[in-house]
Amino acid sequence: YNNERVMLGKSAAYLTVSNFDKKFIFSYLQTSTIKNYFLNNLTGTTIKNLGLKTIRDTTLFVPTLEEQQKIGSLFKQLDDTIALHQRKLDLLKEQKKGYLQKMFPKTGEKIPELRFAGFADDWEERKLSDLFIKGGSGGTPKSTNKAFYDGDIPFLGISDITKSNGFINNTEKHISSDGLNSSAAWIVSKGAISLAMYASVGKLAILNIDAATSQAFYNMIFDDYDLRDLVYQRLNKANELSEWNKLISTGTQSNLNADKVKNFQMYLPKNHDEIKLISTFFKQIDNTIALHQRKLDLLKERKKGFLQKMFV
């Protein structure tokens with residue numbers, strides 16, 4: 001294609017394209033073919049960059065202007081739909097954040113700002129360790145022993161919980177029984193809460209599978225799922241409001257320890273009916289968020305598929 005001008009910004013080149021459909025060119029530049037070409041032609045040592053000559057000399061195969069316009073319009077519609085679903089998802093997450101702040105007592109208070117009708121009693125202060133029936137951190141088999149990592153036991157890592165939407169259905173790594181037995185790792189049962197103590201401090205998820213975890217997590221098993229779900233939401237609030245920051249130990253990396261997690265204090269309802277109502281309310285919000293996330297992911301995959309099939 002022809003460039004009228006190319007300007008270099010701090011981290012991007014700005015292209016003005018003439019006699020071609022801009023939406024078509026924009027979509028073309030998002031294809032894996034072009035992205036890989038650019039990645040394979042990066043220069044520099046300390047900082048990798050893409051030279052202007054490489055950009056100018058990139059060859060694109062283009063159809064007639066009419067077909068370009070139709071393809072460009074298709075991808076514009078897809079991008080608009082993706083953006084719409086992203087806004088809905090972001091709004092839902094903000095709404096949940098607001099409810100977390102209003103439906104749990106603020107610091108120094110014993111009742112929340114917003115609660116269900118029929119409940120007026122003060123909430124009671126509880127220590128986290130008093131709420132679950134079993135808890136503990138995990139362990140990591142030696143990474144140099146490949147045999148420890150060729151099994152079928154899911155092994156939760158920080159990357160798994162970072163990219164999760166609050167629920168763990170699979171893990172990147174798996175360990176063997178020998179790997180499990182060689183370390184402090186143990187099988188944490190499905191339904192437990194795993195909370196990150198290192199790296200992504202405060203990030204948490206519910207295990208939808210039996211899994212072992214590294215020592216970077218504190219794992220909590222509950223015998224009451226309504227209580228578990230309420231604790232999960234309260235810990236989500238702690239994460240959202242950075243409540244863990246004052247408990248973090250500093251060193252080579254910021255982290256919590258098991259004692260600080262176990263001794264975390266929170267106010268919870270005395271009445272189990274209120275616990276169940278709040279838990280169900282947030283579960284419905286989470287289900288709606290998950291639904292919109294799946295729709296968004298599906299749209300992105302659909303766009304990815306079109307990019308692969310509609311460009312050379």
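In this predicted model, the charged end of Arg228 lies over the ring of Tyr225, 4.0 Å from the ring centre; a charge counts as sitting over a ring if NZ of Lys or CZ of Arg is within 6 Å of the ring centre and within 35 degrees of the ring normal. Residues are numbered from 1 along each chain as its sequence is written. Because the model is predicted, local features need pLDDT of at least 70 and side-chain atom pairs count only at pLDDT 80 or more, while totals for chains, interfaces and linings use all residues, and side-chain values use heavy atoms, leaving out hydrogens and water.

Turning to ring pairs, Phe, Tyr and Trp (its six-membered ring) count as paired if the ring centres lie within 6.5 Å, with planes under 30 degrees apart called stacked, over 60 edge-to-face and the rest tilted. This rule gives 15 aromatic pairs. Phe24 and Tyr28 have centres 5.7 Å apart and planes at 80 degrees, so they pair edge-to-face. Both Phe24 and Tyr28 are buried (under 20% relative accessible area; exposed is over 50%, partly exposed in between, with a 1.4 Å probe and protein chains only).

Tyr99 and Phe281 also pair edge-to-face, at 5.0 Å centre to centre and 90 degrees between the planes. Tyr99 is partly exposed, at 32% relative accessible area. One aromatic cluster takes in Tyr99, Phe104, Phe116, Trp123, Phe281 and Phe282.

As for confidence, pLDDT (the predictor's confidence in each residue, from 0 to 100) averages 90 over the protein chain, and 93% of the residues reach 70 or more.
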